[in-house]
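Let's go through this structure together and ask what stands behind each label. Here is the model.

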Amino acid sequence: MIYPTRRCVVAALAGAPIALVAGLIQPGLWLAAPAWLLTIATLMLLDALMAPWPRSARITFEAPGYLAVAAPATARLEVTLGKQGRTPRALEAALDAEPRVGLLNLRGRPGEPGVFIFDLQPERRGQAVFTEAVVRWRGPLGLIWRQARQKLAVTTPIGADIRRIEDEAVRMFSRDAMHGAKVQLDLGEGAEFHALSEFHSGMDRRTVDWKQSARHQTLLAKEFRTERNHQIVMALDCGRVMSEPIGGAPRIDRAIHGALILAYAALRSGDRAGLFAFDDRPRLSTGALSSVAGFPLLVHQAAAIDYGAEETNYALGLTTLSAGLKRRSLVVIFTEFADSTSAELMIETTGRLIKRHLVLFVVMHDEELEALVTAQPDSPEAVARAVVAATLLRERDLVLARLRRLGAHIVETRADRIGPDVLNVYLDLKRRDLL
């Protein structure tokens, strides 16, 4: 593609008044105007022939392998022209991408010769798609632009900040270890036999192994450790209700953050962890991973969970999850329900799931409804809103009470406390040997 530069347009327009004045003074000079335009056109053609052709342009685009929400990042575009890879002095580049990429500069800022840097700061989780790169350069005379386009179709996942999640999980995990929630070497709690040791005063007499004590002619006691290799599955409801904002962020983003903290803690403690996402149908199933090295894979897969607009189908989602679990697992369900009617099918399906697995429900306090209930009723509309909000909260409490009677464990917490509270319940379940 070829089009004139600003210099070319100004030069063509500047010749018009000169030719007009010359024509008024001497009628025979009226041909100066078309001659001037013909000269400009000839120079443009010469400039186009001297400039590198678009076919010789080689565009190399490098996007980050992973983007974190609200974390700054950069993408790199390198352009070389001609067989010798020379770079014109006047070279510009632009990048086209979908809005969630968070491009701070559509035109790249120059770096090294022929290299352009694009600043990124995504605000929403999902798949960042870079669609097209456009570069242009001026000819040696500065009269024409040559332009080249290249389709990119590069996709990069946008998800939670891995380093922030790991640091937060380690901090909470270490804090609990200092207070005895997780003992170093995992000894003293649990039901898995670890070793025999000499019996000391203060030890539980029920741990004495009388047969081995008689054989070695000294009093020996059994040491136990916390069981490992449990299977933890985080089931994420990504339906319409979970896409609504709470505390400035969608519920599903809060849930993913808490699920990843729990997954990192589980992998670090020797358990297996996996993700499962569903709305009107199953969307994601990673299977259970068994080491901390697999945590980045969980983070990348979580970035693929999109914001759903459909109603959640608990029967299909939880039944599919149950069919894929070959052993007893801790199923942590991050969800939200609008009323007791919409939760009936969830309760029915959960009853079947609890027969084989340990189920933990995680829901967030609806601060907007609570604010409506406690607000000063200064108008009839405010009274009506308060009554409706109180009814919804009462139905929500009834649903949670029914889930508790079925045998499910419940974590009801603020959105900004979902990670620590879920992790504390997980550690408590391990201490009580319920996994």
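This is a predicted model: local features need pLDDT of at least 70, side-chain atom pairs count only at pLDDT 80 or more; totals for chains, interfaces and linings use all residues.

Q: Which parts of the chain does the pair of D366 and R251 link?
A: D366 sits in the loop between β18 (358-364) and α9 (367-374), while R251 belongs to helix α5, 115 residues apart. Helices (H or I, at least four residues) and strands (E, at least two) are DSSP runs, numbered from the N terminus.

Q: Are D366 and R251 buried or exposed?
A: Buried means under 20% relative accessible area, exposed over 50%, and partly exposed in between (1.4 Å probe, protein chains only). D366 has 16%, so it is buried. R251 has 4%, so R251 is buried as well.

Q: What makes E92 and R136 a salt bridge?
A: Their closest N and O atoms are 2.9 Å apart. E92 lies in strand β5 and R136 in strand β8, so this pair ties together parts that are 44 residues apart in sequence.

Q: Why is E92 called partly exposed, and why does R136 count as buried?
A: E92 has a relative accessible area of 27%, and therefore counts as partly exposed. R136 comes out at 18%, so R136 counts as buried.

Q: How do you know that R414 and D416 form a salt bridge?
A: The closest N and O atoms of R414 and D416 are 3.1 Å apart. R414, at 40% relative accessibility, counts as partly exposed, and D416, at 52%, counts as exposed. Elsewhere, salt bridges that share partners join R251, E336, D366, R396 and E412 into one network. A search of the whole structure finds 26 salt bridges.

Q: How do you know that β5 and β8 pair?
A: Two strands pair if DSSP finds at least two bridges between them. Seven bridges join β5 (residues 91-97) to β8 (residues 126-138), and the strands run antiparallel. L91 stands opposite W137 in β8.

Q: What joins β8 to β9?
A: Twelve bridges do, and β8 and β9 (residues 144-159) run antiparallel. Q127 stands opposite P157 in β9. Five residues lie between the strands of this hairpin, where G142 takes a positive phi near 75°.

Q: Which residues are closest to the centre of the largest pocket?
A: About 450 Å³ of space lies in the largest pocket. Of the 24 residues that line this pocket, R164, A249, D253, R254 and H257 are the closest to its centre. Elements giving two or more residues to the lining are α3 (162-178), β14 (249-250), α5 (251-268) and α11 (418-431). The most comes from α5, with four residues. A pocket is an open set of points on a 1 Å grid over the protein atoms alone, where a 1.4 Å probe fits, with protein on both sides within 12 Å along at least five of seven lines; lining residues have an atom within 4 Å of a point. The volume is the space filled by probe spheres set on the points, which are joined across faces, edges and corners.

Note on methods: Residues are numbered from 1 along each chain as its sequence is written. Side-chain values use heavy atoms; hydrogens and water are left out. A salt bridge is a side-chain nitrogen of Lys or Arg within 4 Å of a carboxyl oxygen of Asp or Glu.
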